[in-house]
Amino acid sequence: MEELFDGVKEFSNQEFEQNKLLFQKLSKKQSPHTLFISCSDSRVVPNLITKSVPGDLFIIRNIANIVPPYRKSSEYLSTTSAIEYAVIVLKVKNIVVCGHSNCGGCSALYAENELLNTIPHTKKWLELAKPAKEKVEKLKAQFNYDSTDWLLEQENIVLQISHLLSYPFIKEQYKNKSLNIYGWYYDIENGIVYNYNKSKKIFERIE
Ligand SMILES: [Zn+2]
């Protein structure tokens, strides 16, 4: 923990001082252009991989970058309320659903019940990614893949994009082209990000 305290001191004395004008501007209001939905995984750092600065991205992070389908509820809906706020109040222009390689959330879909029963809320949450697993199982039988971790991680991104379109205010803006939706796949080992091509239905390297 000591290193985090030291990091804060260094930030206040260096980065903050060097970027005072930006922080001054940001102290009054935020107007992020993009809602970035990624996994909570410690290795996924949205501002780092996009070289963006404070104020650019409104970020939602949860296990396996999941978007719960739209519903009205009296429960406390964390992800749904953040999406609602970003699109309706902040009026973001883009939404990125960013999955990644070696995703523990996705691989937990194959975990034994013995483990999953010790993390019941996670188990429940991951139900929202199950259709991606079912699709991968079908593709697996068809194409004889060795490893399908990457496929599940990518299919999960596509699934979560479809969930985004169940939000009436997103669907409407997406249809009239005032809101863009992207699916990204971050390959941690190689430092590469792939962008989903919706018409070709494949992920293409951003280069
Ligand atoms: Zn993950």
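The chain has 10 helices and six strands; helices (H or I, at least four residues) and strands (E, at least two) are DSSP runs, numbered from the N terminus. Keep in mind that this is a predicted model, where local features need pLDDT of at least 70, side-chain atom pairs count only at pLDDT 80 or more, and totals for chains, interfaces and linings use all residues. Residues are numbered from 1 along each chain as its sequence is written.

Start with the overall shape. Along its principal axes, the C-alpha trace spans about 55 × 45 × 40 Å. A compact globule of 207 residues would have a radius of gyration near 17 Å, and the chain's 18 Å agrees with that. (That radius is taken over C-alpha atoms, and the globule rule is 2.2 Å times the number of residues to the power 0.38.)

Now look inside. Of the 207 residues, 28% count as buried, meaning that 20 or more other C-beta atoms lie within 10 Å of a residue's own; with 12 or fewer it is exposed, in between it is partly exposed, and the C-beta atoms are placed from the backbone. The largest nonpolar core holds 41 residues. Such a core is a set of buried Ala, Val, Leu, Ile, Met, Phe, Trp, Tyr and Cys residues joined through C-beta atoms within 7 Å. Leu35, Ile37, Ala64, Ile95, Val97 and Ala129 touch the most other members. Among the elements giving two or more residues to this core are strand S1 (34-39), strand S2 (57-62) and helix H4 (78-89), while the largest share, five residues, comes from H9.

Next, follow helix H4. Its 12 residues reach 16 Å from first C-alpha to last, close to the 16 Å expected at 1.5 Å a residue; the expected span is 1.5 Å times one less than the number of residues. Which residues of H4 are buried? Ile83, Ala86 and Val87 are, and they cover an arc of only 85° around the axis, which puts them on the same side of H4. (The arc is that of the directions from the helix axis to the C-beta atoms.) An α-helix has 3.6 residues a turn, so residues three or four places apart point the same way. On the other side of H4, Ser78, Ser81 and Val89 are exposed. After H4 comes Lys91, whose phi is positive, near 55°.

H8 is followed by Asn144, with a positive phi near 60°.
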